[in-house]
Amino acid sequence: MMTFELGEDVSLLQRSVRDLCERQIVPHARTWDAAGKIPPSIVRELGEMGLLGLRIPEAHGGAGLSMVAAAALVEELAAADGSVALTVAVHNFACLGHVWRRANAQAKDELIPRLASGEVLGAWAMAEPGVGSDPGSARATVRHEGGEWVLRGRKSLVVQGAAADVIVVVASTDPEQGPESLASFLIERTAKGVVVVDEVRTLGMRAAASVDLRLEDVRVPEARCLARPGLAQRDMREVEADSRIAHAAIACGLMRAAIEAARAHAREREQFGHPIADFQAIQWKLADMATHLDAARLLVNKAAWMRDQGQAGLEEASRAKLFAASKAVAACSEALQIHGGYGYTEEFPVERLLRDARYLPIAGGTDEIQRITLSGAIASRFGSV
C-alpha cells in the first residue's frame, strides 16, 4: 500500500527543522542572497541535525530516512531559503548518494561519516560549457597514467563549488564514444590543478554559490574512482531520479512560502476600504496556488515512495519536477503580483522567491528534457506519440 506517513520521529525532526529555519535561516536569507554565500556555521548545524546524511544508514553516521521523509525535510528548508535547500539537496542526492553507491569499503568507512555529519561538504560537477542536459557529450577527459587517473577540462555552474570540500566529477575517456566512455571520480576541491575560474553571479539561488572550474591535469588515486569508464551512465540515472525529486520538493517549499507571504500581505493591504483578501480576484489566485501545491506534493511523494520501493522512478521523478517547477514559478509570480509594487522591491521576500523558483525549470534537466523522458515512457506503454 502506498503511504506517505512520516512517522512520529520524522515529524518531530520536521518540527525541529522548522524551528531552526524560523530562528536562524529566514531572518538572514536576504543577507545571504546578497552576499552570495551561506555561513559555514549553518552548514555545520544542518549536519548536526542529520540533514546532510538524510538517506545514509545510521550505522554509517546518517539519518537513515526514507526518500519520502527526505523530500519533506528538503521542502521545509526551501520554504525558508531556496539556496539552503539546494545546498542540502546537491550534497545529499548528487554527491553523497553517488559516493555511497560506488565507493569502496575503506572509502565508505573514512569518508561517508564525515560527509553525513557535515564535516565535509560535497558538490557535483557534470555540466560543461556547451554541455548541459546531455552528459554523453562531456568534453572533460580522463586518462589512466602511472596507477592514477588524470582529469582535464572545464566544468560549469557547479553549485556550492567554492564552498565544497569534495566534488564528484564526471569525465570521458573518449568524448567521441559518448556515454559509454563516462567515468566518475571524487576529487578534493583544494587538489593541485583544481582551479575556480569564476564565481558565477546567478539570477537566483545566489547563496548556493555556483562556480566554473578548470581541471588542469588533476591526479586522482585509484581509490577515488567511483565508476570506471562505461559504468557512470547507470549511476547518473540514479542521481537524476533522486535529484529531480529533490528539485520538485524545493519547488513545493518555494510555493508554500509564496502562498504564506501572499496571504499575509493580502490580509494587511487595503484598497477601496477593504483588505485585498476580500476581493475574489485575490481569493482565486490563492486557491489556484494552494491547489497546485497540493498536487505537486502528491507527485513528489509518489516519486519518492517508488524510490523507497527500490524502483527506478525516473519517469515519476521527471513528472514531479516538470509540474512542480512550473507551478512554483507561477505561484511566486502571482505572489509578487498580489504584493503589487512592493513585491518588485527587496523589502519583501517574494522577489527572491521568484528568482529562486526560476532556477528549477532549468536545473537537473530542463523542462524540455523532462518532456522527452515522459514522452519516451508513454511511447513504451502506449505506442509512439
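Asp33 touches Arg201, Arg206, Ala207, Arg352 and Arg355, leaving out residues up to four places away in sequence; contact means heavy atoms within 4.5 Å. The model is predicted: local features need pLDDT of at least 70, side-chain atom pairs count only at pLDDT 80 or more, and totals for chains, interfaces and linings use all residues. Residues are numbered from 1 along each chain as its sequence is written, and side-chain values use heavy atoms, with hydrogens and water left out.

Asp33 is found in helix α2. Helices (H or I, at least four residues) and strands (E, at least two) are DSSP runs, numbered from the N terminus. Asp33 counts as buried because its relative accessibility is 7%. Buried means under 20% relative accessible area, exposed over 50%, and partly exposed in between (1.4 Å probe, protein chains only).

Helix α1 spans residues 7-25 and has 19 residues. From first C-alpha to last it reaches 25 Å, close to the 27 Å expected at 1.5 Å a residue. The expected span is 1.5 Å times one less than the number of residues. Val10, Leu13, Gln14, Val17, Leu20, Cys21 and Ile25 are the buried residues of α1. They lie on the same side of α1 because they cover an arc of only 120° around the axis. The arc is that of the directions from the helix axis to the C-beta atoms. An α-helix has 3.6 residues a turn, so residues three or four places apart point the same way. Glu8, Arg15 and Glu22 are exposed on the other side of α1. The cover over the buried residues of α1 includes α2 (29-35), α3 (40-48), α4 (67-80) and α5 (82-102).

Helix α7 (residues 232-268) packs against helix α10 (residues 350-357) at about 160°, with the axes 10 Å apart. Axes are lines fitted to C-alpha atoms, for helices over the stretch in contact, and angles run from 0 to 180 degrees between N-to-C directions. The angle makes α7 roughly antiparallel to α10. Leu254, Ala257, Ala258 and Ala261 of α7 meet Val350, Leu353, Asp356 and Ala357 of α10. The axes of α7 and helix α9 (residues 314-339) come within 8 Å and cross at roughly 20°. This makes α7 roughly parallel to α9. Angles under 35 degrees count as roughly parallel, over 145 as roughly antiparallel, 65 to 115 as roughly perpendicular and the rest as oblique.

Leu215 sits in strand β7 (residues 211-221). Leu215 counts as buried because its relative accessibility is 2%. Beyond neighbours within four places in sequence, its contacts include Leu151, Val169, Ile187 and Val194.
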